[in-house]
Amino acid sequence: MSEVASTVENVDCCIVGGGPAGAMLALLLARKGVRVTLLEKQMDFDREFRGDTVHPSTMAILEQLGLVEKVLQLRHTNLSSITLPAAGGSAVTLDIGKPLKRLKVRYPYIMMLPQVHFLEFLTAEAQKYPGFRLVMGARVEELIEEDGQVHGARYRLHQSEHDTRHELRAILTVGADGRFSRVRQLAGFEPIKTSPPMDVLWFALPRRPGDPENAIGNIGNGHFIALLNRFEYWQVAYIIPKGSYQQLHIGGLEVLRKSVASLVPLMADRVDTLQEWKQVSLLSVESNRLPRWHRPGLLLIGDAAHVMSPVGGVGINYAIQDAVVAANLLTAPLLAGKVSDHDLRKVQRQRELPTRLIQAFQVQAQNQVVKRALKPGSGLQFSRSLQLLSRLPFIRDIPVRLIALGLWPVHVAN
């Protein structure tokens, strides 16, 4: 057997995972002169289950970077309110715009921007800096560990003609590789798990002239449904009680088609485009967090450190806030050539409380609203006390603030 060839490269920071956290951190470090290599396992950024919600907190960060006007030129829609049917034929409207305007937020809406385009934009901006390198199709196989410290990663390229092992040595390695983090697994970290009461079926239906521009949603028959405008088609999220997929599958596609048509009559004349179950993907919803996000030479951020429930669509934005805090605290140590465990601990210390708070909010929303609404024959119901509290502006604004802005603002350091 021939010996596998290898290459060795030295950088300041090796980031594994080209999602929002990894791409933003790479951009922020590169613009400060840090030599950073971003390793992305896939050959492109276009894949399923990626969120599209860019919240005002992220817009503010982009504005600080002088990039917000460029992002606004990307094809997108804006979401400023969400109306959901409730029991008894009434409706509940979550107004995002008004409370954000009261808080004097410059962009009082959620931008619905396909994540593939957002990631392409961030990495294109990072490419403008000489210290940045993006490697697509890089499959990380092991961490480089010496004397109890991580010193980088070894990886192979998916579509390489030669079986070459690449060794990327770094002062700091960052795992930003999502909910199924390979880096987290290699480092031996075990997350604390919760059990959201739902799973999501993900599929596409055609868009037609005259269809609404904004997202569509409904609740009924023990299911949620949300349709996201992907311009040429609707990306459908069909929310079911956790563990009920097999029962639905046994019932056949016709049951799913009838349910979708009942929840969103506009789709009744196009649900027949669902012809095979392979057109439908199952996303098992999870939520967890790591008790410790770091060890010497290694930091985890974004979903690698804390998997978010889809409630509120906060995952992208909290991941980006992780990246900003990490860049603020670690740029100087990286440029000085040494990142201590104390430096890494400070990142977790700043980001852990906001993360735990939003996850606690998500759990309450799941248990008090989602779980009840997913019961057959029920709709969206709120207790009388919650309805009364929701009339008070200060109380009503709290969920919007947590979702749209986070616990406190995160600013890019000069």
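This is a predicted model: local features need pLDDT of at least 70, side-chain atom pairs count only at pLDDT 80 or more; totals for chains, interfaces and linings use all residues.

User: How many helices and strands does the chain have?

Analyst: The chain has 12 helices and 21 strands.

User: And what share of the residues is buried?

Analyst: Of the 414 residues, 52% count as buried.

User: What about contacts between residues at least 24 apart in sequence?

Analyst: Take the contacts between residues at least 6 apart in sequence: 72% of them join residues at least 24 apart.

User: At what angle do helix 1 and helix 9 pack?

Analyst: The angle is about 30°, and the axes are 8 Å apart. The crossing of these two helices is right-handed. On the helix 1 side, the contact is made by P20, A21, M24, L25, L28 and L29. Helix 9 contributes residues including I316, I320, V324 and L334.

User: Which classes of residue make up that contact of helix 1 with helix 9?

Analyst: There are 14 nonpolar residues, 1 polar residue and no charged residues.

User: I see gaps of three and four in those numbers. Why would residues three or four places apart point the same way?

Analyst: An α-helix has 3.6 residues a turn, so residues at that spacing point the same way.

User: How do helix 2 and helix 9 cross?

Analyst: Helix 2 is residues 56-64 and helix 9 is residues 315-336; their axes come within 9 Å and cross at roughly 35°. This crossing is left-handed. S57, T58 and I61 of helix 2 meet N317, I320, Q321 and V324 of helix 9. By class, the contact has 3 nonpolar, 4 polar and no charged residues.

User: New topic, charges. How many salt bridges are there in the whole structure?

Analyst: A search finds 23 salt bridges. As background, side chains of opposite charge can pair when their charged atoms come close.

User: Show me one. Which parts does the pair of E232 and R75 tie together?

Analyst: The side chains of E232 and R75 form a salt bridge at 3.1 Å, N to O. E232 is in the loop between strand 15 and strand 16, while R75 is in the loop between helix 3 and strand 4, so the pair ties together parts that are 157 residues apart in sequence. E232 is exposed, with a relative accessible area of 54%.

User: Now D199: buried or exposed?

Analyst: D199 counts as buried, at 6% relative accessibility. Its partner K242 is in a salt bridge with D199 at 2.7 Å, N to O. D199 lies in strand 13 and K242 in the loop between strand 16 and helix 7, so the pair ties together parts that are 43 residues apart in sequence. K242 is partly exposed, at 33%.

User: Where is E141 found?

Analyst: E141 is found in strand 9, residues 138-146. E141 is partly exposed, with a relative accessible area of 26%. The side chains of E141 and R139 meet in a salt bridge at 3.5 Å, N to O. R139 is partly exposed too, at 31%.

User: What else does E141 touch?

Analyst: Not counting residues up to four places away in sequence, E141 touches R154, Y155, R156, R182 and L186. With R156, the side chains make a polar contact at 2.3 Å.

User: Last one, Q235. Buried or exposed?

Analyst: Q235 is buried, with a relative accessible area of 8%. Q235 lies in strand 16. The side chain of Q235 reaches the backbone oxygen of F203 at 3.1 Å.

User: And which residues does Q235 touch?

Analyst: Leaving out residues up to four places away in sequence, Q235 touches W202, F203, A204, A226, L227, L228 and R230.

Conventions: Residues are numbered from 1 along each chain as its sequence is written. Side-chain values use heavy atoms; hydrogens and water are left out. Axes are lines fitted to C-alpha atoms, for helices over the stretch in contact, and angles run from 0 to 180 degrees between N-to-C directions. Helices (H or I, at least four residues) and strands (E, at least two) are DSSP runs, numbered from the N terminus. A crossing is left-handed if the near helix is turned anticlockwise from the far one by less than a right angle, and right-handed if clockwise. Contact means heavy atoms within 4.5 Å. Ala, Val, Leu, Ile, Met, Phe, Trp, Tyr, Cys and Pro count as nonpolar, Asp, Glu, Lys and Arg as charged, and the others, Gly among them, as polar. A salt bridge is a side-chain nitrogen of Lys or Arg within 4 Å of a carboxyl oxygen of Asp or Glu. Buried means under 20% relative accessible area, exposed over 50%, partly exposed in between (1.4 Å probe, protein chains only). A polar contact is a pair of N or O atoms within 3.5 Å; within protein, one must be able to donate a hydrogen and the other to accept it, and residues adjacent in sequence count only if both atoms are side-chain atoms.
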